[in-house]
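Open the model in your viewer and keep the sequence panel beside it. The stops below tell you what to select next.

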Amino acid sequence: KLLDPSDNALRQEIDNHQKGDAHHQGRIVRIIGVDIFLQQRERDHPDDRPPQPAGAAKKRHDDDNEGNLGRKHAIWLDIGIARRDQRPDKRGDKTGEGEQDDLGCGGVDADMLIAVTNSDEINMVACQISHALFRTPTKIARVRSPAYDGADDGKSNPLFGGKTAFNIDQIIRPEQLVTEAIFRLIQQPGALQVMDFAGGLVQLVAVKAYSDGALVGRELKDLRKDLPKVDTRVAAIFRKDRPIIPRGDTVIEADDEVFFLAARKDIRAVVSELQKLEKPYRRILIAGGGNIGARLATSIENQYRVKLIERGQVRCKELSEMLNKTVVLQGDASDQDLLLEERIDDVDVFCAVTNSDEANIMSSMLAKKLGARKVMTLINNAAYVDLVQGGLVDIAVSPEQATIGSLLQLVRRGSIQAA
C-alpha cells in the first residue's frame, strides 16, 4: 500500500519517463531500460507498447534456476526513452544501449542516470560511460547476478570500488531486496510489512489489529499510557483498504492495518497492543532453490532450523555444497506426501519463492491447509497480490514493489543523507 505501482503519482512519473525527462525537485533523471516502471502500464495498456524491433526478438530472461526476477517486460528503450533501434546515429548506423551516441541523448544535462535493463553488463557500462563523458552526479544500476555480489568475506566487489572500477553510486539488487524483506518478516512475527531506517535501528512495521489486542476499541492516545517508556508513532492506518490519517482520538478497530514507527527493540511491545504476540519462529521451510531461495537460506540458517525443497537434481547438489546447516530436499513443493513426510504441521514459516507465481500460490495454499503456521509467497504479478493475501496466503511479497520502492527512495532523496 505504501508503494503501489498503480497509484496516480507513480503513473504520472511513468508518463514523464516515456516522454524522456523525469523532473524530481528540479533535477533531470535519465533512465535506461525502464522495464520495472512500465510493467504495470504494459499490462493495463498493451497497445502502448513500442513495436518489436525489426528482425529481433524481444529480450527475455528465463533462467533455469527458480526465484530469479526480471524475466519479462524488457522494453527496448535508451537513455532518452527513445526508440534506439529505429534511430540512426550520425553515421547512419544503429546504436546500442551502452554506446556513446546513445548516451548523448540528454546525457549532458542529466543529474541522475538509472540503468535498469535486464543485462547487468549493459547497466554497468552505461554508468561508466555516463561518468566518463558527462560526469553525471548520480548513477544507479540494477545488478542481479550473484557473481557481482563481492567476495565471501563480505567485502564489496572490486569492480565497484577503486580508481579502476565502474563508477556506480548505488546498486539495486532485486533478489537481495526481496530476501531482506522476507528476512525482516521472519524476524518480526505477526508483521505484514517491515522497513528499516537508520541502518535498522528504527523500523516501520505494518500489523493487523485483532480483537484480542489491548488497544483495539480504544483511542490511539491510550498507547502512550500503556507504553510510557516506548517512543513510537503511528504513521498510517488502513481500514477496509482505505487510508485514515491517525489522530489522538482515532479509535483502533479490529482488522485495521496499522503502520507504526519504533526502535527495533520496542517493536514487539507495540505489536502486543494490537494483537496477541506470536511465538518467535524456529522452523522454516523454503520452496525454491533459485537465487532468492539460496540467499534466504544463507541468511537465516545460523538462526533457524531451515529446510529447502528444490526440484532440480543438479541444483540440489549445488545448494548442498553451498549451504552449511540447511537440509536440502529434492522434490516438488506441491507434493502433499512430501510435505506431510517433512511434518509441515510443525513448520512455523513456509516460504514459496520459485519463479512461478502459480506454483508459489498453490504450494502455499496446500502448506497452509496442511497446518503450516505462516505462509509467505513470492508473487511477481501484482494482479495476484490482492487476490490471495489475507486468505490462505498470509503474506504476499512483491518484487516489483520492493524494487520500485528502493529506486524511488534514491530518486526522491536528492541531497538529503539523513532526516
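**Stop 1**

Select F260. Leaving aside neighbours within four places in sequence, F260 is in contact with Q203, L204, V205, V207, T232, R233, V234, A235, I267, V270, V271 and L274; contact means heavy atoms within 4.5 Å. This is a predicted model: local features need pLDDT of at least 70, side-chain atom pairs count only at pLDDT 80 or more, and totals for chains, interfaces and linings use all residues. Residues are numbered from 1 along each chain as its sequence is written, and side-chain values use heavy atoms, with hydrogens and water left out.

Buried means under 20% relative accessible area, with a 1.4 Å probe and protein chains only.

**Stop 2**

Show the strands (DSSP runs of E, at least two residues, numbered from the N terminus). An open sheet is formed by 5 strands, ordered β6-β7-β10-β8-β9, with antiparallel pairing. Two strands pair if DSSP finds at least two bridges between them. The edges are β6 (191-197) and β9 (242-244); each has a single partner strand, so one side of each lacks a neighbour in the sheet.

Select β7 (residues 202-208) next. Its antiparallel pairing with β10 runs over 7 bridges. Find A206: opposite stands F259 in β10.

**Stop 2: the aromatic pair**

Stay on F259. How many aromatic pairs does the structure hold? There is 1. F238 and F259 form the pair, edge-to-face, at 5.6 Å centre to centre and 65° between the planes. F238 is in β8 (residues 232-239) and F259 in β10 (residues 257-263), 21 residues apart. Rings of Phe, Tyr and Trp (its six-membered ring) pair if their centres lie within 6.5 Å; planes under 30 degrees apart are stacked, over 60 edge-to-face, the rest tilted. Both F238 and F259 are buried.

**Stop 3: helix α4**

Select residues 120-134. This is α4, with 15 residues; helices are DSSP runs of H or I, at least four residues. Colour its buried residues: D120, N123, M124, A126, C127, I129, S130 and H131. End at R135, which follows α4 and has a positive phi, near 50°.

How values were computed. Buried < 20%, exposed > 50% of the residue type's maximum accessible area, 1.4 Å probe, protein only. Expected span 1.5 Å × (residues − 1).
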